[in-house]
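Colleague: I'd like to learn how to read helix packing in a model. Could you walk me through a case?

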Amino acid sequence: MSYAYIIHLANYSDGVLYILAALLLIALAVIIDRAWSLRSAIVRGNSIIRATTGHESLGQQDLVDLRLRAGNLPEVALLATAERYLHAVSAEAMANRLDESIMLIAPSVDRRLWVLDTVVTLAPLLGLFGTIIGMFHAFSVLAQPGHAPADITAGVADALVATAFGIFIAVLGLTAYNALTNQVRLIMHQLDSMKMLIINRTDAHAPAAAGAALRSPAMANV
């Protein structure tokens, strides 16, 4: 397939193939970016979970060390929350605050996936639109005197390229979208696991904090 023929196909669809090519580039950019980021977050997140599992209990310095090791991972939000409220709240309140952190960080985990979802829906429709435009050009040959049947069939074949290209983009995008969504699910599972690890390893500090909170009003009355 020569460059001149590709230009002919793009012009035959009145430029719809150019739009589809742009959608393909956008989809590939999102796929590469999110696949790299999410995979890195999963691998490094597993190392943080293993490091947390190695502690029988988590003190203030342990949380600081884990937070610094986490860097820019989603788990850093949970570790920072646990570090801030370690001696200040009960175990139940700590769990609620960790849930808040997970809810706040969730939108950043699946960011830009909506672009891929849009491309998957839009590409086949644009391909069909380009084919319809190509059909207009193909059957316009009938209005010309001395037309040959081969001119019509060749035009129909050229028009169908837009639909085929749109479906190809949709299949590629849908496959990648499902794979990336599964990675997002794994990261959210990691965050839930990290939450339980933190609660189970910091609950020894909660009774002392709660007891101090209960004794302080009584001491004030004395």
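Colleague: How do the axes of helix α4 and α5 cross?

Modeller: Two packed helices are described by the angle between their axes and the distance between the axes. Here, the axes of α4 (residues 75–84) and α5 come within 9 Å and cross at roughly 150°. Axes are lines fitted to C-alpha atoms, for helices over the stretch in contact, with angles from 0 to 180 degrees between N-to-C directions. Over 145 degrees counts as roughly antiparallel, so α4 and α5 are roughly antiparallel to each other.

Colleague: Which residues make the contact?

Modeller: Contact means heavy atoms within 4.5 Å. From α4 come Ala77, Leu78, Thr81 and Ala82, and from α5 Met94, Arg97, Leu98, Ser101, Ile102 and Ile105. They split into seven nonpolar, two polar and one charged; Ala, Val, Leu, Ile, Met, Phe, Trp, Tyr, Cys and Pro count as nonpolar, Asp, Glu, Lys and Arg as charged, the others, Gly among them, as polar.

Colleague: What should I know about the model itself?

Modeller: It's predicted: local features need pLDDT of at least 70 and side-chain atom pairs 80 or more, while totals for chains, interfaces and linings use all residues. Residues are numbered from 1 along each chain as its sequence is written, and side-chain values use heavy atoms, leaving out hydrogens and water.

Colleague: Which residues of α5 are buried?

Modeller: Buried means under 20% relative accessible area (1.4 Å probe, protein chains only). In α5 that covers Met94, Ala95, Leu98, Ser101, Ile102, Ile105 and Val109.

Colleague: And is threonine 131 buried or exposed?

Modeller: Threonine 131, in helix α6 (residues 113–139), counts as buried at 5% relative accessibility.

Key: Buried means under 20% relative accessible area, exposed over 50%, partly exposed in between (1.4 Å probe, protein chains only). Helices (H or I, at least four residues) and strands (E, at least two) are DSSP runs, numbered from the N terminus. Angles under 35 degrees count as roughly parallel, over 145 as roughly antiparallel, 65 to 115 as roughly perpendicular and the rest as oblique.
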